[in-house]
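User: I am new to reading protein models, and I would like to learn how to describe one carefully. Could you take me through it feature by feature?

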Amino acid sequence: MGIADLLAKTALTTEQDKYVQIFRRSGDNLLNLINDILDLSKVEASQLELERTGFSLNDHLEKVIEMVAPRAHAKGLALVYEIASSVSNDLVGDPTRLRQVLLNLLGNAIKFTEAGEVSLKVEQDKDGSVPTALRFTVSDTGIGIAHEKLARVFERFTQADSSTTRRFGGSGLGLTISKRLVELMGGRIWVASEVGQGSVFAFAVPFEIWAAAKRQATVPVDMGPEPPLPALHILLVEDSADNRTITEAYLQDTPYRVEIAENGAIAFEKITARHYDLVLMDRQMPVMDGLTATRTIRAWEGANDRPPTPIIALTASALKGDREMCLAAGCTAFLTKPIKQEVLLQAIKEHFMLDPPSPGEGSSRMGTILVNADRKFADLIPTYLQNCRQNVTAMLDALDQVDFETVKNLGHQMKGSGGAFGFQAITDIGTNLQEAAESADADASCKWVGELSNYLDRVEIIPDQPAT
């Protein structure tokens with residue numbers, strides 16, 4: 001090949017790379033816009049429910065800073081954060097929504113700052129009306145906002161100046177969503193800014209102190225680099241060829257080996273024939289949907305004393321109760337489509353199972369509930385518990401059909417029978433199921449079906465010993 005040919009080939013490759021980057025940016029912009037519209041729709045339709053879980057504030061902020069740091073460093077900006085010493089590290093709240101607000105505010109600060117610094121500070125809220133509230137302040141040295149336009153920055157599809165959209169891009173929904181999320185968490189958000197001097201966005205949100213936190217030991221600084229990703233065997237259960245292509249592309253540069261199942265029935269056949277480290281399970285599929293497949297897999301694992309394979313649900317539906325329904329069916333985690341590559345990779349990293357316990361280890365699993373069996377019911381208890389497991393499946397199917405009457409009746413039956421067989425927990429759960437179904441509360445019904453399923457998975461009978 002001559003020099004001219006080589007130069008021509010190099011120029012063609014450079015041109016192709018340029019268009020690939022354009023397509024990628026356009027795709028990212030479209031995905032961000034779709035996600036913003038979905039989030040806003042869910043908030044405004046009261047279909048977004050807050051999570052309440054314990055988390056480490058410091059760990060959480062470190063991850064947030066890691067996510068935005070590449071953009072800041074690419075522009076030569078200093079990126080700093082500070083947590084006041086008076087702030088508790090162990091909190092109870094919704095870390096996912098907190099992260100979403102912080103990413104919106106930090107992302108905007110970096111976008112509208114050409115030189116200088118972007119900072120995040122966390123301290124006790126100076127307004128003493130809510131003693132447990134924390135104040136998060138994001139400051140930048142960017143272009144700033146005119147005073148007369150400050151009142152409109154939290155309105156939907158609005159940016160301070162129409163030229164801003166052309167120059168910097170964006171949907172104009174980020175601040176609207178942030179405001180709604182902060183208010184949903186019981187807080188408030190505000191802004192102060194001067195043109196050419198930068199902006200300060202702050203919000204205050206109440207959190208509880210996580211008193212039961214069990215902190216992990218600090219990892220020594222000389223532990224070395226993070227270990228390489230393991231060569232996981234992943235089963236992707238997805239009927240859409242386009243979605244399969246995208247997911248496989250996301251995992252292409254990893255050591256993961258991906259196998260395909262076009263529906264839940266095929267997935268069940270594959271899982272019963274060989275071991276997988278993790279399953280990515282689409283929810284809506286022909287022949288057998290994802291939730292039915294998950295329940296079938298969990299039942300087979302229990303019957304064969306197999307450790308549960310991590311199953312991550314992938315669904316385009318993210319309405320109120322969907323997450324609880326997936327978890328109640330036995331899914332390990334829940335991701336909403338469209339899914340970004342980094343979100344999928346992080347979920348796999350968090351939930352994969354290496355070196356699963358051997359079948360003989362099932363009896364020593366953590367969290368086993370030991371119950372003394374009354375001798376006069378000893379022969380009847382296995383059948384009773386199996387009937388309760390069938391009730392779980394029946395109630396999940398009923399909830400799929402919005403059939404609260406079936407849930408109410410089955411809850412009422414277990415309310416009366418649980419204590420009689422020596423299982424007061426089943427009576428208590430049955431009572432809660434009946435009340436939730438009578439109120440047509442899908443979230444509470446899913447929660448209590450999940451509690452029942454979890455209890456039945458963990459209960460172990462101790463035969464009552466005859467008196468001596």
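This is a predicted model: local features need pLDDT of at least 70, side-chain atom pairs count only at pLDDT 80 or more; totals for chains, interfaces and linings use all residues.

User: How many helices and strands does the protein have?

Analyst: Helices (H or I, at least four residues) and strands (E, at least two) are DSSP runs, numbered from the N terminus. In this protein the secondary structure comes to 14 helices and 15 strands.

User: What share of the residues is buried?

Analyst: A residue is called buried under 20% relative accessible area, exposed over 50%, and partly exposed in between, using a 1.4 Å probe and protein chains only. Of the 468 residues in the protein, 41% are buried. Contacts, meaning heavy atoms within 4.5 Å, can also be sorted by distance along the sequence: among those between residues at least 6 apart, 70% join residues at least 24 apart.

User: How do I read a sheet, and in what order do the strands of the open sheet lie?

Analyst: Strands of a sheet pair through backbone hydrogen bonds, either parallel or antiparallel. Two strands are taken as paired if DSSP finds at least two bridges between them. Here five strands form an open sheet with mixed pairing, in the order E2-E4-E5-E7-E6. Its edge strands, each pairing on one side only, are E2 (78-83) and E6 (188-194). On average, neighbouring strands of this sheet are turned by 10° against each other, direction ignored.

User: Which strands are joined to E5 by bridges?

Analyst: Strand E4 (residues 117-124) is joined to strand E5 (residues 133-140) by seven bridges, and these two run antiparallel. As an example from this pair, Val 118 has Asp 140 of E5 as its bridge partner. Seven bridges also join E5 to E7, again with the strands running antiparallel, and there Ser 139 stands opposite Val 200 in E7.

User: Is E5 mostly covered or mostly open, and which helices lie across it?

Analyst: E5 is mostly covered, with seven of its eight residues buried. Helix H2 (residues 57-74) lies across E2, E4 and E5 and runs at about 170° to E2, whereas helix H3 (residues 95-111) lies across E4, E5 and strand E7 (198-206) and runs at about 20° to E5. For such angles, axes are lines fitted to C-alpha atoms, for helices over the stretch in contact, and the angles run from 0 to 180 degrees between N-to-C directions.

User: How are H12 and H13 placed against each other?

Analyst: Angles under 35 degrees count as roughly parallel, over 145 as roughly antiparallel, 65 to 115 as roughly perpendicular and the rest as oblique. Helix H12 (residues 404-417) and helix H13 (residues 424-438) pack at an angle of about 155°, with their axes 7 Å apart, and are therefore roughly antiparallel to each other. Residues meeting in this contact include Phe 404 and Val 407 in H12, and Ile 426 and Leu 433 in H13.

User: At what angle do H6 and H10 cross?

Analyst: The axes of helix H6 (residues 241-250) and helix H10 (residues 341-351) come within 10 Å and cross at roughly 70°, so H6 and H10 are roughly perpendicular to each other. Thr 247, Ala 249 and Tyr 250 of H6 make the contact with Gln 341, Leu 344 and Leu 345 of H10.

User: Where is Thr 315, and is it buried or exposed?

Analyst: Thr 315 is in strand E12 (residues 311-315), and it counts as buried because its relative accessibility is 1%. Leaving aside neighbours within four places in sequence, Thr 315 is in contact with Arg 283, Phe 334, Leu 335, Thr 336 and Lys 337.

User: Which residues have a positive phi although they are not glycines?

Analyst: Most residues other than glycine have a negative phi. Among the exceptions here is Asp 305, with a positive phi of about 55°; Asp 305 lies in the loop between helix H8 (290-303) and E12 and is partly exposed, with a relative accessible area of 37%. Ala 440 also has a positive phi of about 55°; Ala 440 lies in the loop between H13 and helix H14 (442-458) and is partly exposed, at 46% relative accessible area.

Conventions: Residues are numbered from 1 along each chain as its sequence is written. Side-chain values use heavy atoms; hydrogens and water are left out.
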